[in-house]
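This briefing concerns contacts between side chains in a single protein model. Please examine the sequence and the structure below before reading the points that follow.

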Amino acid sequence: MTTAHGTEGAVPGQRPVELLLAGPGRLLIRPLGPPAGPAPGEVVVRVDRVGLCGSDYRLYQGTYGGPCAYPLRFGHEWAGEVVAAGPGAGRLLGRTVTGDCSRWCGRCDRCRTDRNLCRSIEKFGLTTDGFSSRYVHVPARYLYPDPHGLPPDLLALTELFAVALRGLRKAPAPAAAPVLVIGAGPLGLAVRLLATSTYPASRVHLLESDRRKVETLARRVPGLVWHAPEETPAPGGTPDASAPPGYPLVVDCAGAGESLNTALRLTEPGSTVVYFGLQRTTGVRCDLLTTKGLTVLGSVGGTGAFPEAMRFLSRHVEEARLLLTHRYPAHQAAEALRADAGSRIKTQLLFDH
């Protein structure tokens with residue numbers, strides 16, 4: 001069966017499968033045979049689940065703003081178990097693992113300082129095949145064994161929290177003033193949870209324009225504080241009447257439309273904006289950037305922060321699990337990719353069903 005936004009191939013039931021994006025709106029489900037043996041330095045991972053990132057939805061829709069390539073297996077937020085190991089990778093055999101989104105070379109000058117900025121960088125699930133498959137061959141150097149015994153659903157959140165953690169590390173720590181996070185999707189909620197724990201003297205405010213998402217979050221995540229000094233309080237949210245005219249730190253996790261200009265407008269003079277977006281064109285308010293003497297820091301990738309992200313998740317199990325709202329068996333991936341954005345936070349595809 002083939003439709004404009006559908007699935008090609010037979011529904012495979014319990015058979016091992018891989019999911020391939022052949023192009024925008026074209027998802028193929030292909031049965032897998034037994035995996036071949038791994039090469040030296042490589043392992044075979046039996047993938048348990050893959051989390052859907054905003055980039056996965058945009059790849060499916062054909063609207064992703066960063067480098068990408070079709071056809072490919074999507075998925076860079078995942079958890080699984082190493083079931084075979086080639087020479088030099090035996091230490092990982094039988095371990096539960098997750099892995100980098102960045103496929104860095106480890107040899108260039110940039111890799112010596114920040115492997116997320118490798119001169120020959122590739123991105124699993126974006127520019128090269130990712131993990132939307134029951135079995136994946138992957139070089140062992142991109143994997144992180146879990147020393148904390150995290151359940152697969154939380155382990156698959158590691159990449160998300162590593163990305164959020166690296167972004168926060170770039171900014172100077174605020175004092176006691178509130179931090180503003182723009183965009184209450186999974187990344188924004190991860191930043192909020194990390195910032196609340198990292199800066200205990202500060203409150204963290206969320207700014208979200210999608211009222212359906214606000215209503216979903218109000219039901220799902222207790223204790224959210226919304227930035228709403230100029231409008232009616234968000235349904236179910238708590239506005240902070242003491243919200244300052246400018247924040248010492250604004251983290252833009254929306255990365256769309258006018259979100260960056262909103263960040264520049266709401267940041268106090270001399271302060272910092274951390275920006276995660278991949279929008280190719282935007283009319284930036286350079287007058288605000290200059291007259292307020294602001295610093296804008298872009299952040300990409302989570303390489304270097306995975307062990308810390310795992311430790312954080314092991315200590316905040318219940319709070320992190322609140323981000324998980326939807327689970328689909330792998331053969332229902334097209335349905336998951338088309339699900340209403342306002343009703344979900346983080347969706348995971350299960351490859352063991």
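At 10% relative accessibility, arginine 166 counts as buried, where buried means under 20% relative accessible area, exposed over 50% and partly exposed in between, with a 1.4 Å probe and protein chains only. The model is predicted: local features need pLDDT of at least 70, side-chain atom pairs count only at pLDDT 80 or more, and totals for chains, interfaces and linings use all residues. Residues are numbered from 1 along each chain as its sequence is written, and side-chain values use heavy atoms, with hydrogens and water left out.

**Salt bridges**

- Side chains of opposite charge can pair when their charged atoms come close.
- The structure holds 13 salt bridges, each being a side-chain nitrogen of Lys or Arg within 4 Å of a carboxyl oxygen of Asp or Glu.
- Arginine 166 has aspartate 114 as a salt-bridge partner, and their closest N and O atoms are 2.8 Å apart.
- This pair ties together parts that are 52 residues apart in sequence, because aspartate 114 lies in the loop between strand S7 (102-103) and S8, while arginine 166 lies in helix H3 (residues 158-170). Helices (H or I, at least four residues) and strands (E, at least two) are DSSP runs, numbered from the N terminus.
- Aspartate 114 also counts as buried, at 15% relative accessibility.
- In another salt bridge, between glutamate 77 and lysine 346, the closest N and O atoms are 2.8 Å apart. The two residues are 269 residues apart, with glutamate 77 in strand S5 and lysine 346 in strand S19 (residues 346-350). Both glutamate 77 and lysine 346 are buried.
- A salt bridge also joins aspartate 153 to arginine 321, with 3.1 Å between the closest N and O atoms. Aspartate 153 is in helix H2 (residues 152-155) and arginine 321 in helix H9 (residues 317-321), so the bridge ties together parts 168 residues apart in sequence.
- Aspartate 153 is buried, with a relative accessible area of 8%, whereas arginine 321 is partly exposed at 26%.
- Salt bridges link Glu18, Arg30 and Arg73 in a network.

**Aromatic pairs**

- The whole structure contains six aromatic pairs. Rings of Phe, Tyr and Trp (its six-membered ring) pair if their centres lie within 6.5 Å; planes under 30 degrees apart count as stacked, over 60 as edge-to-face and the rest as tilted.
- The pair of tryptophan 78 and phenylalanine 131 is stacked, because the ring centres are 4.2 Å apart and the planes are at 15 degrees. Both residues of this pair, tryptophan 78 and phenylalanine 131, are buried.
- Phenylalanine 124 and tyrosine 142 have ring centres 5.5 Å apart and planes at 75 degrees, so their pair is edge-to-face. Phenylalanine 124 and tyrosine 142 are buried.
- One aromatic cluster is formed by Trp78, Trp104, Phe124, Phe131 and Tyr142.

**Charges over rings**

- The charged end of arginine 115 sits over the ring of tryptophan 104, 4.1 Å from the ring centre. A charge sits over a ring if NZ of Lys or CZ of Arg is within 6 Å of the ring centre and within 35 degrees of the ring normal.
- Tyrosine 57 has arginine 344 over its face, at 3.7 Å from the ring centre.

**Cysteines**

- The count of disulfides is zero, a disulfide being a pair of cysteine sulfur atoms within 2.5 Å.
- The sulfur of cysteine 108 is 3.7 Å from the closest cysteine sulfur, in cysteine 111, which is too far for a bond.
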